[in-house]
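User: Please take a close look at one part of this structure and describe how it is put together. Then show how the rest of the chain is arranged around that kind of detail.

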Amino acid sequence: MVEDREAARAVLAQAEALLALAEQVLEVADDQDAALHRAVDSARVKLALPSDGQGFAHQGVVAIALAVSGRPSALVETVATQAHVRPALQAQLSSASGIRNRVPTVLEGARPVVQGRLRGLFSSKKAREHAESQYLTLLKMLDHIKTNGVAQAWKAALDTTAPGRPDVVAAASAAAKALGLTAPSGPHVSLKAEQLDAIRRFVGLAPSVLRHRPPLVSEVKRAFESVQDRMVSRQLAEMPTTALKQTTANRVRFKSLSEARCETVEDVLRVGPAALGRVNGISETTARQLFAAAQQLRQAVRDDLRFRIDLDRSNTLVTRLLTLLYLLRRYDRVLEGRGQDLQDALTLLQPFGTVPSEVTQLSLLGGSNPTKTLMEVRATASEIDQGGLMHLLTQVSPRADAAPAPDKVWDDFERDSAGYYTTLGQIVGLDLGEEAAAGNLPAEIVAAVHAQPLDEVLLEGKVSLRGYQSFGARYALVQRRTLLGDEMGLGKTVQSIAVMAHLSGGDAKHHLVVCPASVLVNWTSEVHRHSALRAFLVHGSDRERTWRTWQRRGGVAVTTFGTLPLLPPAPERLPLVVVDEAHYLKNPQTQRARALLPLVRRAERVLFLTGTPLENRLDEFQQLVSYLQPEVARRLAQVDGVASSRRYRAELAPVYLRRNQEDVLQELPDLVVTPEWGSFTPRQMPAYRAAVAARNFMRMRRVAFIEQPTHSEKLARLQEIAKDAAANGRKVIVFSYFRDVLHEVAEVLGDRVVGPLTGSVPATKRQAIIDEFARAGTDAVLLSQITAGGTGMNMQAGSVVVICEPQVKPSLETQAIARAHRMGQLRGVQVHRLLTTDSVDQRMVEILNEKQRLFDEYARGSEVAASSSEAVDVSEKKLAAEVVDLEMERLAVTRAEQIAAEQDDEETRT
C-alpha cells in the first residue's frame, strides 16, 4: 500500500499537467496544419479549363500563387510565421503523441492509490495490487520524462516565435507537403511577374484573334452580296419595262406604266405588286404576273453576272468589300503557318489566364513532374514576346484592327488584284465558267481531269491556285505529255510548279526545266517563291557541279537550250521535263532540238509551254505535238486545220490546253506584274564592271541595253514579249528613263514602233503620238520616257507594259502603269519589269522593297501613307551612293580599276 497519500496526489497532479502540456503541443501543431491548409487554399489558383472541354494539358498540376512584391500572400505569411517554430514543434510531436496515448491509461489505473485505506474502493486484492503497479509505472515514466527534459523541450518549442521573411522555396515546399504533392525539384523555378503579365495579355487576346476569321469571312460574304445586288440593280435599271412583254403575253399596257413613272424593270421591282395593281389599266393579277416576271429577270441577270470590280474609289460598297478582303488577306498572311503554334500556346497557357493581377509569382506543384511542366510554361511564356507570338496577335487583333485608309486598300488592290479575286473566289465561289476554265475540252477528258487529285502540300503557304490553274495542272498529270498554251499572264509557270509539287509528293524527285536564257533566273525565283521545292540554276561556269548536285539531291534543275548540250547525261529516270517557249523546238534539226528531244522521248511526263495561239502556227503545233503524242499528230495531219477547225481542236484535245484571259479572269481589267530576271552576258560584264569602278550610276543602269545590244538578254526578252503580245492582239508600251535605251529598243523592233515620246516632245504634240498609237495595228509598240509618258496620259490602247529598268522613284512606275491600267481598259494589263540579277537592278529592288516594307509597317494608316505614293521614294543621290558601294564591294573593285575607269569616263564625257 502507498503510505504517503499527499505525495501520491502530487505525482498524479504532475501527470495531469504533463498530459495538458502534451495536448497543448499537439493542439498547436494541429492549428498550424490547419492554418497552412487554409493558406494553401487561399493561395491556390483555380486553373481555368479550356472551353473545348479537353482539360488542362498537364493534369494533376496545382498552381500556387505567391505575391511577394510587397504584398505577401497568406501562404507566404503563414510559412514565414512558422519558419522557426514549426521545425522545433515537429521534433516534439512524437513524444507528445506517445505520452498522450500512454499516460492517460496509466494515470487512471494509478488514481485509486490515493484512497487506498478505503477498502471498499478495491473489489479485491488483485485490483489493489494493479493500482499500485500502475502508480509505480507512472513514477518511472515521470522520472524518465524529467531526466530527458521532455517537458522543458515542449515548453521551449511552444515559446518559440519568429516573424521571419517570406520564403518562396519554403512556401512551395510546405504547400507541397501539406497537399501531398511534389514540389519543383532541383533549383527552384517559378513564373515571375513579367511572365505572368505576358501570359495574361496573350490569353486575353489569343481567343478573339483565333475566332476572328469566321466572322470576317461572313462579313466578306455579306459585302459581296451587297455589291452584287447593286450590279444587278444597275443592269435592271437599264432595262425598259418592255423587256417583260414576252413573259406577260403582251397583256400589259406599258404606256400606263410609263405614266406611273415605272420605266425600267428595276422600277417594277421597287414599286411592288400592290402599287402596280393600282396603276390605271393594270389588274391585280397582271400586276402580280408583272412583278413575278421582273423577279425572274433579276435572277437571270444575277446568274449571268460577270463579277468585276471597276476601279471606282468613290464606290462605298466596293470599298467596304475590298477593306474586308484586305483585313482577311493580312490576317492570313500574318498568321501564315503560325496558327497551330498560337493554338498550342493557348491550350497550354489558358489555365493561367485567371491568375489575379496582384499575384507576382507562381509555383507549380504536381503529382508527377511539376518542374517539367513549369519549364514548358516558362518557355512558352518567353516565346510570346521573344518569339513574336504577341506581335502577330497585335497585328491582327480585332480590337486593334482599325480599318485602313480607303486609298491604302485601293492601292493594295491595284498592286495585287489577282490575289484579292483569288481570296474572294475561295469564299463566295465566283463562277468563272466551267467550260472556259477547261479550255472547252471534250466532256470525257474534263471528267478524267476532275477525278485527278492534286497534292498541294509543297505549295502550302506559298501560292493559292485559281480554279483554272488547278485544272491545268491536273490536265497535265492526266494526259502526261501535253502542251499548255494559255495566254500570257495566266500563270503557266505556276501550273508547271504545281505539277512538280504533286509528283514530288510521291517518289518522283528529279524535274528538268529547259527555257530561254532570258527567263532562266525568273524560273528559279518562281520555284522558290511558289513552292517548297529546291531549284538549281544550271548555267555558266558552275553548271556541271550544280547538275551533279541536282542529280544527288533531287529538285528542279533549270537550264537553257544552249547549256543543255554541254551537260553530262541526265538521270535515267526523269519524272517531268518542262520546256518553256517550246516553239524553239519547231525545227528538229537544230542543235537544241537534237539535245533535248531524246530527253523528251524518254521522260515519264512532258509539259510544253507556249503563249502563241494555235491559229497562228498550225504547222509548228503539229510538229510539237509529234514530239509529245505521235498518234495525235498523225490524226491531225489528216485534218484541214483551217476548214475544219472544230474537228482539229477535238483531235488536239488530248495534248493541247489553252485558256484566254477574258475567259477565265472574270475580274478584268486585271493587273499582273511579272519580274523578268536575266543576267549580263560575258561580253557585257567588263563594261558593267568599268561603270561600277567609275561610280557611274546612270551608266550602270543602262549597260544591259546599250553595251553589246546584240547580246543583251533584256533586249531579247523584250522582243519575245512584243512578239507574243502581237500574236495575241495586244499592243505594248515600253517605258525607260533613258533615251538611248529607247533608241536600242527602236532599232530591234523596227516599223512597229510609235514614238518615242520624250521630254523634248512639246506637250501639245504628245497627245498626237498617243492617238497614233491608238489607231495603229495590234502589233504596235509605243516607246516613252517614263518621266514624259508616265503621268497625265491615257494609254489604255496598250495592255502590255514593259519597264526597262527599276526606277529610283517607285511612284514613276506606279504612274506609268496607271496610264494603261485605268477605267475604260477592256483587257487585263500585263506588266513586265526587266531586271538583271547580281547588278544595280537587284540592289535597287532590294533597297526599295525594304523601304516599302518598313514604311507599310510603321506608317500604316498615317496621313502620309494615305495621301502620296511618293512617300516611299528616296533621294537619287543617296540611293545611287548606296548601290554603287554595294556593287563595288560585291565585285571587289580595286583602286587601280577605279582610277582607270574614272579616267576613261572623264575622256568619254570630254
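Analyst: Strand E6 (residues 510-515) and strand E8 (residues 555-560) run parallel and are joined by 6 bridges. At one of these positions, Cys515 of E6 has Thr560 of E8 standing opposite. Strands (E, at least two residues) and helices (H or I, at least four) are DSSP runs, numbered from the N terminus, and two strands pair if DSSP finds at least two bridges between them. The model is predicted, with local features needing pLDDT of at least 70 and side-chain atom pairs pLDDT 80 or more, while totals for chains, interfaces and linings use all residues. Residues are numbered from 1 along each chain as its sequence is written, and side-chain values use heavy atoms, leaving out hydrogens and water.

E6 and E8 belong to an open sheet of 7 strands, in the order E7-E8-E6-E9-E10-E5-E11, with parallel pairing. Its edge strands are E7 (535-537) and E11 (656-657), each of which pairs on one side only.

Two helices can be followed on this sheet. Helix H24 (residues 543-553) lies across E6, E7 and E8, and runs at about 160 degrees to E7. Helix H25 (residues 591-602) touches strand E5 (481-484), E6, strand E9 (576-579) and strand E10 (606-609). The direction of H25 makes about 140 degrees with that of E9. For these values, axes are lines fitted to C-alpha atoms, for helices over the stretch in contact, and angles run from 0 to 180 degrees between N-to-C directions. Contact means heavy atoms within 4.5 Å.

Of its 5 residues, 5 are buried, so E13 is largely enclosed by the rest of the structure. Buried here means under 20% relative accessible area; exposed is over 50% and partly exposed lies in between (1.4 Å probe, protein chains only). The burial involves both faces of E13, with Val732, Val734 and Ser736 on one side and Ile733 and Phe735 on the other.

E13 is joined to E15 by 5 bridges, and the two run parallel. Ser736 stands opposite Gln785 in E15. E13 also pairs with E16 in the parallel sense, over 4 bridges, and Val732 has Val800 of E16 as its bridge partner. Strand E16 (residues 800-803) in turn pairs in the parallel sense with strand E17 (residues 829-836) over 4 bridges. There Val801 stands opposite Val831 in E17.

Leu782 is buried, with a relative accessible area of 0%. Leaving aside neighbours within four places in sequence, Leu782 is in contact with Val732, Ile733, Val734, Val754, Ile769, Ile770, Phe773 and Met795. Val732, Ile733 and Val734 in that list are also among the buried residues of E13. The C-alpha atoms of Leu782 and Pro756 are 6.9 Å apart, although 26 residues separate the two along the chain.

Helices also pack on one another. Helix H31 (residues 697-706) and helix H39 (residues 876-891) meet at an angle of about 65 degrees, with their axes 9 Å apart. H31 brings Phe697, Met698 and Met700 to the contact, while H39 brings Glu876, Ala880, Val883, Val884 and Glu887. Asp885 is also in H39 and is partly exposed, with a relative accessible area of 42%. Between the C-alpha atoms of Asp885 and Arg695 there are 8.5 Å, for residues 190 apart along the chain.

As for the whole, the chain contains 40 helices and 17 strands. Buried residues make up 51% of its 910 residues. Among contacts in the chain with a separation of 6 or more, 79% are between residues 24 or more positions apart.
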